Amino acid sequence: MSHTPASAIQIDTAGLASPAQWLLSPNQDERPPPTEVDMIVIHNISLPPNQYGGQGIMQLFTNQLDPQEHPYYAEIAHLKVSSHFLIRRTGALLQFVSCNQRAWHAGLSQWQGRERCNDFSVGIELEGSDIEAFEDAQYVTLQALIHALQQRYPIQHIVGHSDIAPGRKTDPGPFFDWQRISRSTD
Ligand SMILES: [Zn+2]
């Protein structure tokens, strides 16, 4: 895994980013046709909550979280969830699902009258929380990843999970600095 921010990222026609560490999540399926990928959803996640650097997120997205390891893990270990991408505190980029496939990150959601945002979005998890700032290296990678997605897909909306699931989700949270990414026209 690279520990330097990926400042130049490309996404190939198979929907795979490079450079990125690839770790396959089984929690995915086909996007319903005809579907254009036109949304990016930004999240935060940390496992255990508010702790960084461990293997919990990767274990969750690969259905390998040990419910005995932490009380919170016992609550969530049964979930079948994923995201296309994770950006760790170091700025390192991991990919779990091809962008051409549907990852299971948004849950019950809607944006501007369209429901099931997983159908048409790419999910990006930032390793972080609602209680402290993200790292500069994460923004560097995020900017490069957004740029790469815009090159490959007709992205129209860049939103937070809390925007598409208000009242249910709070991420990416109050410390995410929207000024540091080029938010789209919506
Ligand atoms: Zn989220």
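**Entry 1**

I looked up Arg 116 and found it in the loop between β10 and β11. I am working from a predicted model. Phi of Arg 116 is near 50°, a positive value in a residue other than glycine. I noted this since most residues other than glycine have a negative phi. Is Arg 116 buried or exposed? Arg 116 has a relative accessible area of 55%, so I put it down as exposed, the cut-off being over 50%.

Next I went to Gln 112, in the loop between β9 (110–111) and β10 (114–115). Its phi is also positive, near 50°, and Gln 112 is not a glycine. With a relative accessible area of 53%, Gln 112 is exposed.

**Entry 2: strand β11**

I then followed the chain into β11, residues 121–127. How many residues of β11 are buried? Seven of the seven are, so the strand is largely enclosed by the rest of the structure.

I sorted the side chains by direction. Ser 121, Gly 123, Glu 125 and Glu 127 point one way. Val 122, Ile 124 and Leu 126 point the other way.

Which strands pair with β11? I found β5 (residues 39–45), which pairs with β11 in the parallel sense over seven bridges. Here Ile 45 stands opposite Glu 127. I also found β6 (residues 85–87), parallel to β11 over three bridges. In that pairing Phe 85 stands opposite Ile 124.

**Entry 3: the nonpolar cores**

I turned to the largest nonpolar core, which has 26 residues. Which of its residues touch the most other members? I listed Phe 85, Ile 124, Leu 142, Leu 145 and Leu 149. The elements giving two or more residues to this core are β5, β6, β11 and α3 (136–152). Helix α3 supplies the largest share, seven residues.

Leaving aside neighbours within four places in sequence, Leu 145 is in contact with Ile 9, Ile 11, Phe 85, Ile 87, Leu 93 and Ile 124.

**Entry 4: helix α3**

I checked the length of α3 next. At 1.5 Å a residue, its 17 residues should span 24 Å. The end C-alpha atoms are 25 Å apart, which agrees.

Which residues of α3 are buried? I wrote down Ala 137, Gln 138, Tyr 139, Thr 141, Leu 142, Ala 144, Leu 145, Ile 146, Ala 148 and Leu 149. I kept the helix geometry in mind: an α-helix has 3.6 residues a turn, so residues three or four places apart point the same way. The buried residues of α3 pack against β1 (10–11), β5, β6, β7 (93–95), β11 and β12 (157–160).

**Entry 5: Thr 90**

I found Thr 90 in the loop between β6 and β7. Its relative accessibility is 31%, so Thr 90 counts as partly exposed. I also compared its place with that of Ile 45.

**Entry 6: two cis peptide bonds**

Most peptide bonds are trans, and I looked for exceptions. A cis bond joins Ser 18 and Pro 19, with omega about 0°. Pro 19 is in the loop between β2 (17–18) and β3 (21–22). Another cis bond joins Pro 33 and Pro 34, with omega about -10°. Pro 34 is in the loop between β4 (28–30) and β5.

**Entry 7: the whole protein**

Last, I stepped back to the overall picture. I counted four helices and twelve strands. The radius of gyration is 15 Å, close to the 16 Å that the globule rule gives for 186 residues, so the protein is as compact as a globular protein of that length. The C-alpha atoms fill a box of roughly 40 × 35 × 30 Å along the principal axes.

Of the 186 residues, 49% count as buried. The protein exposes about 8800 Å², and carbon and sulfur atoms supply 50% of that. Among contacts with a separation of 6 or more, residues 24 or more positions apart account for 72%.

Definitions and conventions: Residues numbered from 1 in each chain as written. Predicted model: local features only at pLDDT ≥ 70, side-chain atom pairs only at ≥ 80, totals over all residues. Heavy atoms only, no water. Buried < 20%, exposed > 50% of the residue type's maximum accessible area, 1.4 Å probe, protein only. Pairing = 2+ DSSP bridges. Core = buried A, V, L, I, M, F, W, Y, C linked by side-chain atoms within 4.5 Å. Contact = heavy atoms within 4.5 Å. Rg over C-alpha atoms; globule rule 2.2 N^0.38 Å. Areas by Shrake-Rupley, 256 points an atom, 1.4 Å probe, with all protein chains shown as cover. Expected span 1.5 Å × (residues − 1).
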